[in-house]
Amino acid sequence: MSKLGSLADGSLSLMSRRNHSRKTSSLYVIPEGKLSLMKNNDALGKNIDFGKPVLYRNGIQPNPIASRDDGRDKYELGSYGYGKSSVKLLHVHRDGAYHDIREYEVDTHLRLNSQKDYLEGDNRDIIATDSQKNTVYLLAKKYGVKSPEEFGILLCAHFLYTYKHVEEVNVNVLEYPWSRHEVNGVAHNHAFVFSPTAIRYCQVSQLRNESPKIRGGLKDLRVLKTTQSSFTDFIQDEYRTLPDANDRIFSTVVTASWDFSTASGVNFDQVWQTVKDCILENFAGPPETGIYSPSVQNTLYLAEKNVLDKVDQIYSIEMKMPNKHYFDIDLTKFQKVVQGENKEVYLPVDKPSGIIYAQLDRKVTTSKL
């Protein structure tokens with residue numbers, strides 16, 4: 001799986017590279033008005049009438065240049081695959097007057113067990129990306145929509161079961177953050193408010209005859225606290241100009257992704273909320289007293305550790321926290337206008353900024369004999 005949610009960031013990575021034996025595909029010729037089968041390795045032999053068209057069963061002529069490609073002794077495909085991106089879906093579950101909604105944006109990517117669509121222009125094994133789009137809607141209608149992870153698992157299983165020549169499936173699901181509207185503390189039956197505190201996403205990938213690999217994630221969780229953050233005692237040398245900060249504004253935009261060891265018995269919605277809560281707890285602390293942060297690195301580590309402590313089914317988690325700087329503004333030159341130390345007005349600076357990231361894994365313990 002790609003790290004740090006690159007699929008969800010819109011930079012869909014290619015399928016993992018694997019070696020495959022090449023299969024010789026078949027072409028059809030029309031001697032005397034009838035289709036007869038011939039193998040590609042006859043293409044240099046005497047059995048072919050080059051004066052007659054080479055056709056597939058559906059009467060479409062293949063690319064003659066691709067079928068005679070002489071570069072296969074020098075080159076080979078590495079990563080490859082194809083799919084449908086950004087399939088938008090709104091699912092409404094109606095339980096009488098009470099409705100629930102989930103809005104998703106889905107990417108499906110397939111890798112086939114042959115490469116003839118690339119090497120020979122032979123499209124007969126291709127499951128059209130339009131068919132993949134339709135599959136998203138039909139499975140949502142047939143089975144309903146629960147969590148993004150469960151929908152990703154369903155899509156993977158469908159493509160592998162339905163099409164025996166599909167070798168690998170990769171599904172990415174991004175959820176739009178709707179929350180139920182409330183009126184005087186009463187939840188509304190069918191009205192919702194877009195609440196983009198954080199964006200949820202997941203990636204599910206599965207190889208044939210293997211279990212699915214499931215990665216959950218969140219991004220765009222922007223947080224800020226005005227005190228109880230410092231950054232001191234870092235290296236002092238001839239390159240340093242940044243002074244120690246004993247009390248500073250701490251702000252970042254959190255991206256997190258985590259890998260599940262199993263899907264059995266997992267409440268994916270609850271896990272996502274738990275991860276979000278762990279991040280906020282270790283960033284903000286209790287409402288009255290807060291929590292001290294000696295560095296972004298330490299806050300990030302404590303949040304990851306808290307997640308692994310609380311969710312046994314997660315075996316690895318990674319986060320990145322870029323600095324969103326709010327610098328002090330020196331107003332001492334304006335004593336005739338304002339007096340005293342400036343602790344109210346700051347300068348927001350997005351770039352350049354520091355970037356802090358880490359991955360925390362469970363240690364693999366082996367028993368000693």
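The largest cavity is lined by Tyr80, Gly81, Tyr82, Leu110, Arg111, Leu112, Ser114, Asp117 and Tyr118, where a cavity is a set of points, on a 1 Å grid over the protein atoms alone, at which a 1.4 Å probe fits but cannot get out, and lining residues have an atom within 4 Å of a point. The elements that give two or more residues to this lining are strand 5 (98-112) and helix 2 (116-119), with helices (H or I, at least four residues) and strands (E, at least two) taken as DSSP runs numbered from the N terminus. This is a predicted model, in which local features need pLDDT of at least 70 and side-chain atom pairs count only at pLDDT 80 or more, while totals for chains, interfaces and linings use all residues. Residues are numbered from 1 along each chain as its sequence is written, and side-chain values use heavy atoms, without hydrogens and water.

**Cavity**
- Strand 5 supplies the largest share of the lining of the largest cavity, 3 residues.

- Strand 4 and strand 5, which run antiparallel, are joined by 12 bridges.
- In strand 5, Asp100 is the bridge partner of His93.

Conventions
On a 1 Å grid over the protein atoms alone, a cavity is a set of points where a 1.4 Å probe fits but cannot get out, and a pocket is an open set with protein on both sides within 12 Å along at least five of seven lines; lining residues have an atom within 4 Å of a point. Two strands pair if DSSP finds at least two bridges between them.
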